[in-house]
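Okay, thanks everyone for coming. I'd like to walk you through the structure that's about to come up, one chain at a time.

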Amino acid sequence: MSANTVIDVQDLRVRVGAARIVNDVSFKVERGQTLGIVGESGSGKSMTVLAATGLIDAPSAKVSGTSMLDGQNLIGLRRSKLEKIYGERIGFIFQDPATSLNPVLTLERQLTEGPEAHLGITRRAARRRALDLLEAVGIPDPEPRLAAYPHQLSGGMKQRVMIAVALACDPALLIADEPTTALDVTTQAQIISLVRSLQERLGMGVVWISHDLGVISGVAEEVSVLYGGQVVEHTAITDIFNNPLHPYTQGLLRARPYLGGAQEELVTIPGSPPDPKNLPKGCVFYDRCPVRLDSRCETELPPLTDVGDGHLVRSFCATSGGENVRNAWEGTRV
Amino acid sequence: MTQPPVAEKPDRPPSSEEAPVASERTSAWRLVLANKVTLGGLVVLVVVVLAAIFGRWLAPYGINDVDVTNALAPPSAAHWFGTDELGRDVFSRVLVSARVSILVGLVSVSFALVAGVVVGLLAGFFGGKLDAIVMRCADVLFAFPVLLLALAIVAVLGPGLPTAMLAIGIVYTPIFARVVRASTLGVREEPFVKASVSIGASSGLILRRHILPNITGPIIVQTSLSLAFAILSEAALSFLGLGVQPPDPSWGRMLFDARGFLGTAWWMSVFPGLAIFLTVLAFNLVGDGLRDVLDPRHRTAIEARRVK
Amino acid sequence: MNRKLLSFVLRRLGHTAIVLVGVIIVVFTLVHLVPGDPVRVALGTRYTPEAYAALREASGLDRPLIVQFFSYIGNALTGDLGVSFRSGNPVTLVLLERLPATLSLAAAGIIIALLISFPLGLYAALHEGKALDGVIRAVSQFGVSVPDFWMGLMLITFFSVTLGWLPPSGYVPLTEDPLGWASHVLMPAFTVGVVAGSIMTRYIRSAVLDVVGSSYIRTAKSKGIKHRTVVMRHIVRNALVPVVTIGGIQMATMLGGLIVVEVVFAWPGLGRLVYDAVLSRDYAVIQGAVLLIAGMFLLINLLVDLLYAVVDPRIRVS
């Protein structure tokens, strides 16, 4: 684990009853680097980061594996220890800014309580810091905003405040769980460039979760594709677009419409994601795969294999079949 | 930036409108029965209903068999729940009284159910002035504590079983009206209802085919909880001497009579009270179980307005 | 006061006024729904032509209906509720005489209800699914289902008849003998408090559960502030909004619930007064008491709505 590694997650598993939500997921984030995690709803991406940071809500969830941050394993860590890490070492931004801020507290209270707890500063110093933070996230004329309540702000403004809350103590790691999904397109772009510029300034590592490869391409250097609670492909962001190897990743790319330009037929992926209570025995994508190699794919779980330059893929076709998979979706119509 | 293609749900086979409702209901029943507490409540209810139906024949003694020589006898093999001040068998009277409680509950709640559903459905569906007037009327009725309103009605119409049933029915009508109206408002905004409106379906058809089947959950829950509170109301009225009139026995009336014998004959007050408590508890448990399955988010006004 | 809050307050006041008029109409109508002649019915065996004529005139029932109606509304709004059919005393005085007993019992009851429900409801929600949560839910279900008059009788049997610790019934004014008042109020207040407290426990539990599951609580936790701060500043503050509402409804409903409890414990309050009036067919007193109790109910609901605005900035601030 290099000195620049902010968080190192190995073999993370989450079980809720019989449901296998997250299955042996590993990832690592360096300082100043952004890892994108992409997947459909229900692919286990939110659960992955919540479990990796110990912030999981479901009391019945069983989490195993390791998640190292500052030499401590966050999994199974006591609440009092986690309280020292949250806010100070890890900041969080969540999906829906409309519900992520406390409706009955002023922005000042919500912005100052983190720094007061972690930095041991006075209310007045925390207030000054809150003003600086609001300015840093691009909220004009922040002074009167401190006394405002969340319902008085627009969606984009709320998400800016959430970012200010998350970055209030200069964390080393920022977890962004679909932070732009609930926003309109122009606001999305603003939030993305805001996080990028703050990241350059503060040098934090970022884990950015999204179901939208377009968003991920705008923020991340590396990307993990999650399906059925497993990493099915992991590589540099350019590689994902130029050389996708897993049939699922290819399907995702083919399903994206492009503006302008003649385009190949738009493809949807038939079928639905696997039920975490009843995952296939072999490849998790088996049921929906257009190029499956019957018996082996059905019964044997493909290992996550490095095919060169750190490009990882979990598919027998991609690692042995070679050529045919490049055009896995050729000629399919739905 | 493009919109998410990934979250796209695959096409489902087109399903008929009634099918999901029906299958939800069967699985709902299985879920309700799977809850042991709810099942316990149901068992108690079955016992109470059996007592209500067959009590007269099952009772070891006549309810008004006076035996003064054996008055105020403690529980024994001959008299399981002891005897009262006239030597009447408390067990027989408790058993037979189930009939009155269940009867009052059923009649008054049916009244409230029918009146409340009609009013709430129309108010919620058509909205506008009708809705405003109906809801103001409900607000006015809500301003009277339940038992006070029931007492006032009894004061006007005179005490007795029919009055008690009518009074309780009137008192619970606005509660049903509110629940049904709120549910109707919710369903009215659903896409499948809007779609029906857009293709010109008649209001009557929409109400019958779409709205009513989709608000049965809250109505069933409300009915079960209302039965509990209606039985409590009847007991309270009878305890005040304004419900069932002697010589007919009722649990509330027996408690009224037991007040003078608290120190001398505890069995006279313990057993009828226990009967009310268990019956009400059973309806509440079943109602809760149903709500957990059918209507998880709405514990309605009824609990807040329970009768004292 | 900003415009949003002002319009909210005015709307609530207007609504309350409309409902109050409706309540007065219902109360006025009551006596006219009595089958036959209410004066005749009220007099019963005491009937003489002279008494009949006198009572008819005193109660105003000899005048045309429309005149009666408007004079009833006018008089009610100025605090004149007519004279008792029984004693001939002004109803307003009769009610005022009974009010302190009822208010002191209601206050003691609501305090007990809050002392029970707040800690239990909060604890159960924060430990959802644990053993003690199950116990609290079961006990509160018992409390919701127990007939209060029966519980009163059981308390008397145990604490007065068997142990002899507390007086079984009666009333001492708080202002005359606080200790005597306390010993008399304990059992009736406990009876109404347990029932109301059980209902409120369930409400507080589900209100807190709603808040605990919300996204902003996850945000609060993600800031790394102390768990106690998350509970008190974030969870309790937000749960207060629905809890204030249910607390108000409970307080108002308690006014009705006091009838039976006052009868059981011979507590000379409004509830006991209504009961006696119903038995003796004293329609003027029934009307007055029903109007007073419904009016108090509306007043409490109005106060609760205003309190709502204090707790929830979404109503207060535009």
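This is a predicted model: local features need pLDDT of at least 70, side-chain atom pairs count only at pLDDT 80 or more; totals for chains, interfaces and linings use all residues.

Let's start with chain C, which has 13 helices and zero strands.

How big is chain C along its principal axes? The C-alpha trace spans about 80 × 60 × 35 Å. The chain has 318 residues, and 45% of them are buried. Now look at the contacts in chain C with a separation of 6 or more: 72% of those are between residues 24 or more positions apart.

Next, the place where chain C touches chain B. Here 45 residues of chain C are in contact with 40 residues of chain B. On the chain C side, the elements giving two or more residues are α1 (3-32), α6 (131-145), α7 (148-162), α8 (178-212), α10 (227-264), α11 (270-280) and α12. Which helix gives the largest share of that side? That's α10(C), with 11 residues.

Helix α5 of chain B, residues 146-157, packs against helix α12 of chain C, residues 283-311. The angle is about 160°, and the axes are 11 Å apart. With the cut-off for roughly antiparallel set at over 145 degrees, α5(B) and α12(C) therefore count as roughly antiparallel to each other. The crossing of α5(B) past α12(C) is left-handed. If you want to find the contact on screen, look for B:Leu148, B:Ala152 and B:Ala155 on the α5(B) side, meeting C:Ile286, C:Val290 and C:Ile293 on the α12(C) side. That contact comes out as six nonpolar residues, with no polar and no charged ones.

Okay, over to chain A, where we have a sheet to talk about. Eight strands of chain A form an open sheet with mixed pairing, and the order is β6-β7-β8-β3-β9-β10-β12-β11. Which strands sit at the edges? Those are β6 (90-93) and β11 (305-306) of chain A, each of them pairing on one side only.

Inside the sheet, take β7, residues 173-177 of chain A, and β8, residues 205-210 of chain A: the two pair in the parallel sense over five bridges. To pick out one of the bridge partners, A:Asp177 goes with A:Ile209 in β8(A).

There's also a helix lying across this sheet. Helix α1 of chain A, residues 45-52, lies across β3 (34-38), β7, β8 and β9 (222-227) of chain A. Relative to β8(A), helix α1 of chain A runs at about 150°.

Last stop: a helix pair within chain A. Helix α7 (residues 155-166) and helix α8 (residues 185-202) of chain A have axes that come within 10 Å and cross at roughly 15°. That makes α7(A) roughly parallel to α8(A). The crossing here is right-handed. On the α7(A) side, A:Gly155, A:Gly156, A:Gln159, A:Arg160 and A:Ile163 meet A:Thr187, A:Gln190, A:Ile191, A:Leu194 and A:Val195 in α8(A). And what is the split by type at the contact of α7(A) with α8(A)? It's four nonpolar, five polar and one charged.

That's my tour, and I'm happy to go back to any of these views.

Notes
Residues are numbered from 1 along each chain as its sequence is written. Chains are lettered from A and ligands numbered from 1 in the order in which they are written. Two strands pair if DSSP finds at least two bridges between them. Helices (H or I, at least four residues) and strands (E, at least two) are DSSP runs, numbered from the N terminus. Two residues are in contact if their C-beta atoms, placed from the backbone, lie within 7 Å. Axes are lines fitted to C-alpha atoms, for helices over the stretch in contact, and angles run from 0 to 180 degrees between N-to-C directions. Angles under 35 degrees count as roughly parallel, over 145 as roughly antiparallel, 65 to 115 as roughly perpendicular and the rest as oblique. A crossing is left-handed if the near helix is turned anticlockwise from the far one by less than a right angle, and right-handed if clockwise. Ala, Val, Leu, Ile, Met, Phe, Trp, Tyr, Cys and Pro count as nonpolar, Asp, Glu, Lys and Arg as charged, and the others, Gly among them, as polar. A residue is buried if 20 or more other C-beta atoms lie within 10 Å of its own, exposed if 12 or fewer, and partly exposed in between; C-beta atoms are placed from the backbone.
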